[in-house]
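User: Please take a close look at a single part of this model. Then connect that part to the rest of the chain.

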Amino acid sequence: MIRRFIYIIISLILFSSTLVAEEKEDVEQDSLKRKWYIPRAAKIQHAGNIGYMSIGATYYLVDDWYQLSIMYGMAEYPGHERTLNTVAFKNTFLIKKFYYKDFVVSPIAGLSINFGSTHNTYRKLPDYFPDDYYFQNKVHFAPFVGVMVYHPLPFKTIKGVDFYTELATMDNYLLEAIRTDYVKYSEIWNLSLGVTLYF
């Protein structure tokens, strides 16, 4: 799994660098703005309900205070032969920016929409499950809050880097914590760590 993940990370960085180089040529020739399909950043994340490790491309949709990251994550569990693959549309909002020397610190919040795929994920549960007994496990909403620290870099290809941490949960965990005593609020949170490279 680690070897496959490293290969995907290297491929993403090379692909993004190629797109950025092509875009720079276009800008020099046509004086056009960045094309919409070229990502502004590449993200690598550990945990956070997307997978043990995940990677993605980040786009700015409204200036830079709203970022959409399209993430792909993988997780393997002991005793299971199959890997859980997740594609997530991660919506991140930069609440406010605080400047300290060359650093920008920002509290963040957002919602990730996760699509899981393995041999036992279902959007509509099979008929042999009792009605309303299990929560569907194919699509999940995962709210999160956190903090991000950004620092610019003096390179042409990579303009900056940020490090972030997030506290997140998932819709089914939150629902069970609200409606039952079996799941405690203290048990539904997880911590993620990530790095973003800006082009």
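Analyst: Start with Thr169, which counts as buried because its relative accessibility is 1%. Buried means under 20% relative accessible area, exposed means over 50%, and partly exposed lies in between (1.4 Å probe, protein chains only). The model is predicted: local features need pLDDT of at least 70, side-chain atom pairs count only at pLDDT 80 or more, and totals for chains, interfaces and linings use all residues. Residues are numbered from 1 along each chain as its sequence is written, and side-chain values use heavy atoms, with hydrogens and water left out.

Thr169 sits in the loop between E8 and H2. Helices (H or I, at least four residues) and strands (E, at least two) are DSSP runs, numbered from the N terminus. The side chain of Thr169 reaches the backbone oxygen of Ile188 at 2.8 Å. This is a polar contact: a pair of N or O atoms within 3.5 Å, where within protein one must be able to donate a hydrogen and the other to accept it, and residues adjacent in sequence count only if both atoms are side-chain atoms.

What else does Thr169 touch? Leaving aside residues up to four places away in sequence, Thr169 touches Asn49, Phe141, Ala142, Pro143, Leu174, Ile188 and Trp189. Contact here means heavy atoms within 4.5 Å.

Several of these neighbours lead onward. Take Trp189. Trp189 lies in the loop between H2 and strand E9 (190–198). Trp189 counts as partly exposed, because its relative accessibility is 41%. Trp189 also belongs to a nonpolar surface patch of about 620 Å², with Val145, Leu167, Ile178, Tyr185 and Leu191. Such patches are made of residues with over 30% relative accessible area and no salt bridge; like charges are joined within 9 Å, nonpolar side chains (Val, Leu, Ile, Met, Phe, Trp, Tyr) within 5 Å. Accessible areas come from the Shrake-Rupley method with a 1.4 Å probe; for residues, only the protein chains shown count as cover.

Ala47 touches Leu191, along with Tyr52 and Ser192, not counting residues up to four places away in sequence. Ala47 is in the loop between strand E1 (41–46) and strand E2 (53–62). Ala47 is buried, with a relative accessible area of 18%. The C-alpha atoms of Ala47 and Leu193 are 7.1 Å apart, although the two residues are 146 apart in sequence.

On the H2 side, the buried residues of the helix are Asp171, Asn172 and Ala177. These buried residues pack against strand E7 (139–152). H2 (residues 171–179) also holds Arg179 and Glu176, three residues apart, so about one helical turn separates them. Their side chains meet in a salt bridge at 2.6 Å, N to O. A salt bridge is a side-chain nitrogen of Lys or Arg within 4 Å of a carboxyl oxygen of Asp or Glu. Glu176 is partly exposed, at 23% relative accessibility.

The structure holds two salt bridges. Glu166 lies in strand E8 (residues 160–168) and Lys90 in strand E4 (residues 84–94), so the pair ties together parts that are 76 residues apart in sequence. Glu166 is buried at 3%. Lys90 is buried at 1%.

The largest nonpolar core has six residues: Ala41, Leu94, Ile108, Met148, Tyr164 and Tyr198. Such a core is a set of buried Ala, Val, Leu, Ile, Met, Phe, Trp, Tyr and Cys residues joined through side-chain atoms within 4.5 Å. Tyr198 touches, among others, Arg40, Ala41, Met148 and Tyr150, not counting residues up to four places away in sequence.

Finally, the whole chain. The protein chain has two helices and nine strands. From the N terminus on, the order is α-β-β-β-β-β-β-β-β-α-β. Buried residues make up 37% of its 199 residues. Among contacts between residues at least 6 apart in sequence, 54% join residues at least 24 apart. The chain exposes about 12,500 Å², and carbon and sulfur atoms supply 63% of that area.
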